[in-house]
Amino acid sequence: MASNVIVFPTDFSALSLKALPIAIRMASVMDAELHCVYAVEEPHIYATLDMGPVAIPTAEELASSADSRLQNFVSEHVTGLSKAAVGKVLVGRPAEEIANYAKDNNADMIVMTTHGHSGVKHLILGSTTEGVLRIASCPLLSVRSDGRASVRLSRFLDRIE
């Protein structure tokens, strides 16, 4: 029998914690594994002519540090589930990595927060949630900063027809 999986992306912010109780509840109701994921982007160097040598961490160093933080996050915030929660650090573009992780693990749903920005603020800041929404092959439940939630089921409905 295949295991049910709920993917919960986090950036460790107070905002991401707003979706965690929903993800935990979904995992409990579905008797699913809760996979908490954190995406590390490859470091980029933006240099100016007057900069001297600047040491930047490698993706592996960032991932190692993030893994320690993620395991602490899981042990501190995820309790009461019949199945042990999984913590996984992903390296790459967050939206793509989250959607690919969900697909590779045959996730039943992704539960994540969104800032709910629009207009110029959205153009400048972008939206990982929107990126995941566009490419994920499973339903995505997004929780806004004000606690409102919305579910996108279109691709899920396509899968069961």
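What percentage of the 161 residues in the protein chain do buried residues make up? Buried residues make up 35% of them, where buried means under 20% relative accessible area, exposed means over 50%, and partly exposed covers what lies in between (1.4 Å probe, protein chains only).

## The model and its layout

This is a predicted model, in which local features need pLDDT of at least 70 and side-chain atom pairs count only at pLDDT 80 or more, while totals for chains, interfaces and linings use all residues. Residues are numbered from 1 along each chain as its sequence is written, and side-chain values use heavy atoms, with hydrogens and water left out.

The protein chain has seven helices and six strands, and from the N terminus on its elements run β-α-α-β-α-β-α-β-α-α-β-β-α. Helices (H or I, at least four residues) and strands (E, at least two) are DSSP runs, numbered from the N terminus. Among contacts (heavy atoms within 4.5 Å) between residues at least 6 apart in sequence, 68% join residues at least 24 apart.

## Two nonpolar cores

A nonpolar core is a set of buried Ala, Val, Leu, Ile, Met, Phe, Trp, Tyr and Cys residues joined through side-chain atoms within 4.5 Å. The largest one has 24 residues, of which Ile 6, Phe 8 and Leu 34 touch the most other members. The elements β1, α2 (20-30), β2, α3 (59-77), β4 and β5 (140-144) each supply at least two residues of this core, and its largest share, five residues, comes from α3. Apart from this core lies another, of 17 residues, among them Ala 95, Ile 98, Ile 110 and Leu 140.

If residues up to four places away in sequence are not counted, Phe 8 touches Ser 16, Ala 19, Leu 20, Ala 23, Leu 34, His 35, Cys 36, Val 37, Phe 73 and Val 111.

In helix α4, which spans residues 94-104, the residues Pro 94, Ala 95, Ile 98, Ala 99, Tyr 101 and Ala 102 are buried. These residues lie on the same side of α4 because they cover an arc of only 160 degrees around the axis, the arc being that of the directions from the helix axis to the C-beta atoms. An α-helix has 3.6 residues a turn, so residues three or four places apart point the same way.

What covers the buried residues of α4 includes the strands β1 (5-9), β2 (33-40), β3 (86-91) and β4 (109-114), together with the helix α6 (128-135). On the other side of α4, Lys 103 and Asp 104 are exposed.

## Two loop residues with positive phi

The loop between α4 and β4 holds Asn 106, which has a positive phi of about 50 degrees although it is not a glycine. Asn 106 counts as partly exposed, at 48% relative accessibility.

Phe 12, in the loop between β1 and α1 (14-17), also is a residue other than glycine with a positive phi, near 70 degrees. Phe 12 is buried, with a relative accessible area of 14%.

## Thr 129 and the cysteines

Thr 129 is found in helix α6 and is buried, with a relative accessible area of 9%. Leaving aside its neighbours within four places in sequence, Thr 129 is in contact with Met 112, Thr 113, Thr 114, Leu 140 and Ser 142.

Cys 36 is buried, with a relative accessible area of 0%, and Cys 138 is buried as well, at 1%. Counting as a disulfide a pair of cysteine sulfur atoms within 2.5 Å, the count comes to zero.
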